[in-house]
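Try each task on your own before you read its solution.

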Amino acid sequence: MSLMLSGTGVSRGIAIGKVRLLHEIQPRAVASHIPPGTEKQEVERVTAAMHAAIAELRQLQARLRDKVPAQIMTFLDSHLLMLEDETLSQPVIQLIEEKKYTSEWALARHRDRLVAMFEKIDDAYLRQRAEDVENVISKVLRKLDDTPAAEKESGRGYIVVTSNLAAADVLEHQHDGMRGLICSHGGTMSHAAIVARSLRIPAVTAVHPALDLLHEADEVIVDGSSGMVVAAPDKRSLQHYRKMRRSENQRQRDLKALAAKPARTRDRITINLQANVDSPADAGMARRLGAEGIGLYRSDSLFANRDDLPDEREQLAMYRRIVRAMQGRPVTLRTLDAPPAAFTADQPHHAGEAEPALGLRGIRLSLAHPELFEPQVRAMLRASSAGPVRILLPMVSNVTEVQLALTIIERIRLELLHKKRTIAADIPIGILIEVPGAALAARQLAGHADFFAIGSNDLTQYTLAAAREDDDVQHLYDPLHPAVLRLISEVITVGEKAGKPVVLCGELGSDPRVCRLLLGLGLRHFSVQPATLLEVKDSIRRSDVGSIKTRARRMLSSDSRARTERMLNRLIEDD
Ligand code: PEP
Ligand code: MG
């Protein structure tokens, strides 16, 4: 009899295959202590396992460089850094030498200590680091497990069922033939979910009983759109889902033809469709998909996973590569958002802030630390010699911050001109609206900016006081909450009246289901994930804005999530 389980659909599409269960390796099954006098061999054993894990990650990195979005490479970089760090290996070696633990026990004890330490800090970002520690140590534990892997009955085209999966493991399994993913834990922002989306692997998370109810080699269907999992499907379900999968595959093939077509609605409104990227390779990919520009380059990616800061020259080289990759289309460079680790390491009073999401970040960080902001502005202005550039200021909460930033940018511009540097005459400066107070003060801010960008990811977390990466409050993190939609609508209206373009660059704009609602609210500029660019374009081309305006506005007063969902479905169905 078939069994239906429901979870959160985090990566759309249908996958059908046999279950491959990935249980955590349990060190409890291994002896806890080593025989006396064997410490040296045991240290060698754990060190070899760590080296093997590092080598495996490096190989994966080399295989995938320039083939997957930069965000995914960042996950690999951070796991490598963690594995190579002595704070991971030294305490493990100490436990072996002093307490005579086996490698497995030492790793598990050290992992538990680190995870408990991160979780005590009660901060979503650091909780993510706890996820990294668990993933990295699982990898080393797997390397220690030298019993040959059991002959898998699931073959290729399998569906992984596990508690949660590290980014690197999603990539490895995809390479080995994984077609779908079911996790008993995790939400839309877990690493596994982010990677699955960008690789188009159908995935469902938070299927809590998955590990108890699904068995190795069971046939299973994953519906990443509805969040349903069907185990031991009967003939009719199989036929139904196979048909859905066929039409989805056909659709993906048809979408490719849209790359060269304009993003124009049925009632002939031309929409500006740009992409969010983290690297020159992403930019090249976006251009080939027909992106009309880069609406968001998060410069943070250049500062991440390293223990030094990129200087002006290094930044300039990177910004220029992105600008050149876009071959004349405009590129929006966002100034630093999160404080880089290399910076906080030298600022003990900033490290361990109670709530970094509400602390010194974005424009606040830039204004407080000209030594970070000024070289960055110089590099961004100079990059305009390679093609059109815009500068975007994140985390703005009041007019004064913008005025101060503009004064600094203008001073640097004059200094560069004085030194005879080539810079474009027109470099628009925009404000990222992601703080509710900034959205409500959009009217005042409009006079000080050339354009607005709406950061719906942070706007949602701050409006609803629900951290975007915290699984425990994912049910409250709702970008379609009428309060969030009202703020978005307000910014669009203000921008329109003031003649300032408004682009939405948060995840919300990358959801093709939501595109029509945003068009109805008046949005005319989108910056989306390259992975969904063509679907968003398709949705735009099927929309008639004139006929959806009133219904879109009604969603601003919805009184429940269920009602919002019904209204959204009606907007979408109406083709
Ligand atoms: C946002 O907050 O929506 C945004 C675009 O920026 P980030 O996701 O980098 O915070
Ligand atoms: Mg943001």
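## Exercise 1: A helix and the residue after it

In helix α6 (residues 167–176), the buried residues are Ala167, Ala168, Asp169, Val170, Leu171 and His173. Keep in mind that this is a predicted model.

**Task.** Find the residue just after α6 that takes a positive phi: which one is it?

**Solution.** Step two: look just after the helix, where Gly177 has a positive phi of about 120°.

## Exercise 2: Walking around a barrel

**Task.** How many strands make up the closed barrel, and is the pairing parallel or antiparallel? Then trace the neighbours of β12 on both sides.

**Solution.** Step one: the closed barrel has eight strands, in the order β9-β10-β11-β12-β13-β14-β15-β16, and the pairing is parallel. On average, neighbouring strands of this sheet are turned by 25° against each other, with direction ignored. As background, strands of a sheet pair through backbone hydrogen bonds.

Step two: go to strand β12 (residues 389–393), where four of the five residues are buried. On one side, strand β11 (residues 331–334) pairs with β12 in the parallel sense over four bridges. Here Leu333 stands opposite Ile391 in β12.

Step three: move to β13, which runs parallel to β12 and is joined to it by three bridges. Leu393 stands opposite Ile431 in β13.

Step four: carry on from β13 to strand β14 (residues 451–454), again parallel, with four bridges. Ile431 has Phe452 in β14 as its bridge partner.

Step five: look for a helix lying across the strands. Helix α22 (residues 533–541) lies across β9 (272–277) and β16 (525–528), and runs at about 160° to β9. Within α22 you will find Ser539, which counts as buried at 12% relative accessibility. Leaving out residues up to four places away in sequence, Ser539 touches Pro512, Cys515 and Arg516.

## Exercise 3: The magnesium ion

**Task.** Which residues coordinate the magnesium ion (ligand 2), and why does the pair tie together separate parts of the chain?

**Solution.** Glu434 (OE) and Asp458 (OD) coordinate the magnesium ion at 2.0 to 2.1 Å. Step two: place each residue. Glu434 is in the loop between β13 (429–433) and α17 (436–440), while Asp458 is in helix α19 (residues 456–464), so the pair ties together parts that are 24 residues apart in sequence. Step three: check burial, and you will see that both Glu434 and Asp458 are buried.

## Exercise 4: Two crossing helices

**Task.** Describe how α2 and α7 cross: at what angle, and is the crossing left-handed or right-handed?

**Solution.** Step one: the axes of helix α2 (residues 70–84) and helix α7 (residues 191–199) come within 10 Å and cross at roughly 145°. Step two: this crossing of α2 and α7 is left-handed. Step three: list the contacts, where Gln71, Ile72 and Phe75 in α2 meet His191, Ile194, Val195 and Ser198 in α7. Sorted by type, the residues of this contact are four nonpolar, three polar and no charged.

## Exercise 5: A glycine in a loop

**Task.** Where is Gly7 found, and which residues is it in contact with beyond its neighbours within four places in sequence?

**Solution.** Step one: Gly7 is in the loop between β1 (3–6) and β2 (8–11). Step two: its relative accessible area is 26%, making Gly7 partly exposed. Step three: with those sequence neighbours left aside, Gly7 contacts Val204, Thr205, Ala206, Val207 and Gly227. Step four: compare Gly7 with Val230, which is 223 residues apart from it in sequence and 11 Å apart in space, C-alpha to C-alpha.

Key:
Residues numbered from 1 in each chain as written. Chains lettered and ligands numbered in written order. Predicted model: local features only at pLDDT ≥ 70, side-chain atom pairs only at ≥ 80, totals over all residues. Heavy atoms only, no water. Axes fitted to C-alpha atoms, helices over the stretch in contact; angles between N-to-C directions. Left-handed = near helix turned anticlockwise from the far one by under 90°. Contact = heavy atoms within 4.5 Å. Nonpolar A, V, L, I, M, F, W, Y, C, P; charged D, E, K, R; others polar. Donors = N, O, S within 2.8 Å, 3.2 Å for Na, K, Ca; no water. Buried < 20%, exposed > 50% of the residue type's maximum accessible area, 1.4 Å probe, protein only. Pairing = 2+ DSSP bridges.
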